[in-house]
Amino acid sequence: MRFDWLKCSLAAVLISTYPALASAQVTQAAGYTPPDDTPSIRVGATIFTDYTFQQSPEITDADGNTVHSNAFNVGRAYININGNVSHIVAFRITPDITRETGTGSSLNGSLVFRVKYAFLQANLDDWMWRGSWVRLGIQQTPIVDFEEGIYRYRFQGTVFSERDGFLTSSDAGASFHTNLPQNYGEIHAGFYNGEGYSRVEPNNEKAFQIRGTVRPMPMGAIMRGLRVTGFVDEDRYIKNGPRKRQMLMITFEHPNLNAGFDYLNANDRNTITVLETHARGYSIWATPRTAMGVEGLFRFDRLKPNSSGTLADLRRNRTIVGAAYWFPHQGTVSAAALLDFEQTKNSGATGQPPTQKRTAIHCLINF
């Protein structure tokens, strides 16, 4: 499956909306109140913590004993700094933690901060539909951050496309976003280094990524939560080494249920001496919830890493089930605790990693 229809559909949406974009400026009415240009800055924090017990495979300690690995961890510690220079110019700076693993480093094993987001944003609401902007710097990529806003369980682990290494949630680049009229959807497109925020750009190749999201029934009482999303990532490792991703996503949001389906298609050839690989897979997830703050988490991922060669029969299945409690709050802050079980199993080829089984308690603070 080449997803040529998806590329053509996205291009058609862009072409059809261009005349409206060009004429979207609205004449100021009598009694118009100018926007507030008072500079402002806001500081917040995001923390993921967990205790994880690994049932299998077992490990061997320094004395040769067979034991179950278990640890207390801090998976994420953001300091979010958001600011506005005016109603047009905004910015964000977000450092994140990572484990230092450099050999010989005095910080080996320590948690150190690195930049996850650092970008300038120019808001275009004065000339286009509300929600239109351009960004330059290290920023969210179009598809991962979008899905995380619906999935909500990033503090348990990354979404399917990022978990298996196909996409990254942040990268350095320049992007454009706009909403479609009457809440029918949105478009987010940009050029990025393609290596992700944690790696240096090694050459001249850049990634073009575009996401188009349509809300078929924006005025419906229930079905307004339904959205259909197409995504394309055109990139290269080297001049003749494609790195391509196409995704189709269907999501649904409701006060009692969030759910989603992802289909991923990927082509990779990172050197001219190896054959191109073709991976494909899907993820299905649902998070039913009650008015008391209790939620369930059910997710199944299935990946075929390569459709040809010695790994043509390999399958990787991931199952996640859990129960969460979201604490009462006011405003946009959030706090939650999740008890979950995760199993990752490889089958269909010899020499693959053994089945992994983990039970964990995950906690979230977002302020």
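The questions and answers below set values against definitions.

This is a predicted model, in which local features need pLDDT of at least 70, side-chain atom pairs count only at pLDDT 80 or more, and totals for chains, interfaces and linings use all residues. Residues are numbered from 1 along each chain as its sequence is written, and side-chain values use heavy atoms, with hydrogens and water left out.

Q: Why is Thr-98 called partly exposed?
A: Buried means under 20% relative accessible area, exposed means over 50%, and partly exposed is in between (1.4 Å probe, protein chains only). Thr-98 has 23% relative accessibility, so the label is partly exposed.

Q: What does Thr-98 touch, not counting residues up to four places away in sequence?
A: Ser-110, Leu-111, Val-112 and Arg-114; contact means heavy atoms within 4.5 Å.

Q: Where does Thr-98 lie?
A: Thr-98 lies in strand 5, residues 89–99. Strands are DSSP runs of E, at least two residues, numbered from the N terminus.

Q: Why is Gln-182 called exposed?
A: The relative accessible area of Gln-182 is 63%, so this residue falls in the exposed class. Gln-182 is in the loop between strand 8 (170–179) and strand 9 (185–192).

How values were computed:
Helix = DSSP H or I, 4+ residues; strand = E, 2+ residues; numbered from the N terminus.
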